[in-house]
Structure formats: C-alpha cells, structure tokens
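Thanks for sending this one over. Here are my notes, written with the model open beside them.

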Amino acid sequence: MTTSARIYAGVEGDQRKAERRAQLIEAGLDLLGGPDGETAFSVRGVCKKAGLASRYFYESFADREALAVAVYEHAVGRIAESALRAVAEAPQEERALVRAVVAILVQEISDDPRLGRLVFFASLNNMLAQQRLESVRMFVGLTIAQAVDFYDTPSGPELDLVGHFVVGGLAQILTAWLDGAVEVDTETLIERCTDLMIAAGSVR
C-alpha cells in the first residue's frame, strides 16, 4: 500500500492534507486580514497560528506568496459566492436585487472584517496587487453580466464604465466604513449604497 493511500486514524491521507491546507489558509486569513496585514505574514507566523509544523506548509505551498494568493482567492470566492446567491434568492425587482447584494456584502465584512481588509483595503498586501486587479475585473464582469441579463441591454464601453464606477465606488465606501472613516449604522449604509448604485445604473 502506498503512503498516499494509507489510512491514519480512519482518515485518508489526501483528506488530512486538505484539512491542513485549509488550516493554513484560515491562519493566513487571520494574518493577512488583520490590522498589520502583509507585515505580520510569514511562513513561521502562519504555521504557528495554524498549529502546524513547517513541513506541512511546504506540502501545499511553495512559499508565502503562494499561500497569500490562495488566501486571497479564498476570500474573494466567499464574497462572490455570497453575492451570487443573494441575487438568485432575491425578488426580481431592481431595488430588491441591488439591496440584496449590498446587504450580503455588508454582512460578510461585518461578520468577518478580515475579508473586508484583505479584499478592499488597497493600501494593504502589496504582494497581492495583481490578484486585486484581477478580482476587480471579475466583480465588474459579474456586475455587467447581471445588468445585461436584468435590463436586457447590450454590453459595451458605456456599461463597462458604469460597472467599474459601481464596483470601485462601493469598495471604497465599504473600506471607509470598515475603517471607521464613515460613521453610519448598518441599515443606513445599506440603504444609501443601494440608492447610489441604482442612480449609477440609471445612466447606462
């Protein structure tokens, strides 16, 4: 029997490896999404946080940059999946759809501020500049696709402008709110952001 197929304590080796990888990603999210961001992020620090020996780090990741990318993709994936689920479950009416997306984003970063710091704080985590650019493009693409589907309108440069404006503006507002620069209650934040996104969409 090969090592990869060996069963230890009733759990297959591949499953245990996946569980360790998940532990490292969670520990990485704690550090990268914490107040100190990239400065607190190291292989040793992540392993200590996860309670794992460094040899387990290298079974899943080549270096800290590889883990950082995995952590970022995990965080973006959580947010994107929540937003898409909110759209699917919301009544098919303009304000209801927009509000559902805004509400779930606010809930996600309120419940887990690490997500907001990692995904939206442009000043943190310089090693993830390319991933942040790609995630913005992805969110813009999702926004445009939803607009094309809901309004039955053709895509094009003008809709691209609106998509970038909406995604960039909302990200900045959420960053400022999470950072304490904008002091409003959650309900006000959701309602005003919904208003602004609908207003922006009206110029399509």
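1. **Ground rules.** This is a predicted model, in which local features need pLDDT of at least 70 and side-chain atom pairs count only at pLDDT 80 or more, while totals for chains, interfaces and linings use all residues. Residues are numbered from 1 along each chain as its sequence is written, and side-chain values use heavy atoms, with hydrogens and water left out.

2. **Overall fold.** The chain has nine helices and two strands, and from the N terminus its elements run β-β-α-α-α-α-α-α-α-α-α. Helices (H or I, at least four residues) and strands (E, at least two) are DSSP runs, numbered from the N terminus. The C-alpha trace spans about 60 × 40 × 30 Å along its principal axes.

3. Of the 204 residues, 40% count as buried; here buried means under 20% relative accessible area, exposed over 50%, and partly exposed in between, with a 1.4 Å probe and protein chains only. Among contacts (heavy atoms within 4.5 Å) between residues at least 6 apart in sequence, 65% join residues at least 24 apart.

4. **The largest pocket.** Its volume is about 690 Å³. On a 1 Å grid over the protein atoms alone, a pocket is an open set of points where a 1.4 Å probe fits, with protein on both sides within 12 Å along at least five of seven lines, and lining residues have an atom within 4 Å of a point. Grid points are joined across faces, edges and corners, and the volume is the space filled by probe spheres set on the points.

5. **Who lines the pocket?** The lining of the largest pocket has 31 residues, and V101, T143, Q146, V166 and M197 lie nearest the pocket centre. At least two lining residues come from each of α4 (64-89), α5 (94-111), α7 (129-151), α8 (157-179) and α9 (186-201), with α7 giving the most, nine residues. By class, the lining divides into 23 nonpolar, five polar and three charged residues. Ala, Val, Leu, Ile, Met, Phe, Trp, Tyr, Cys and Pro count as nonpolar, Asp, Glu, Lys and Arg as charged, and the others, Gly among them, as polar.

6. V101 belongs to helix α5 and counts as buried at 17% relative accessibility. Not counting residues up to four places away in sequence, V101 touches A83, A86 and V87. V101 and A86 are 15 residues apart in sequence, with their C-alpha atoms 5.9 Å apart in space.

7. **α4 against α7.** The axes of these two helices come within 11 Å and cross at roughly 10°; axes are lines fitted to C-alpha atoms, for helices over the stretch in contact, and angles run from 0 to 180 degrees between N-to-C directions. α4 and α7 are therefore roughly parallel to each other, where under 35 degrees counts as roughly parallel, over 145 as roughly antiparallel, 65 to 115 as roughly perpendicular and the rest as oblique. The contact is made by V69, Y72, V76, I79, A80, L84 and V87 of α4 with Q131, R132, S135, M138, F139, L142 and Q146 of α7. It comprises 10 nonpolar, three polar and one charged residues.

8. **V69, in that contact.** V69 sits in helix α4 and is partly exposed, at 23% relative accessibility. Leaving aside neighbours within four places in sequence, V69 is in contact with L128 and Q131.

9. **α5 against α6.** The axes of α5 and α6 (residues 113-120) come within 4 Å and cross at roughly 110°, which makes α5 roughly perpendicular to α6. E108, I109, S110 and D111 of α5 meet P113, L115, G116 and F120 of α6. Four nonpolar, two polar and two charged residues make up this contact.

10. **E108, a buried charged residue.** E108 lies in helix α5 and is buried, with a relative accessible area of 14%. Beyond its neighbours within four places in sequence, E108 is in contact with R78, S82 and L115.

11. **One backbone point to look at.** Most residues other than glycine have a negative phi. D152 has a positive phi of about 55° although it is not a glycine. D152 is in the loop between α7 and α8, and counts as exposed at 70% relative accessibility.
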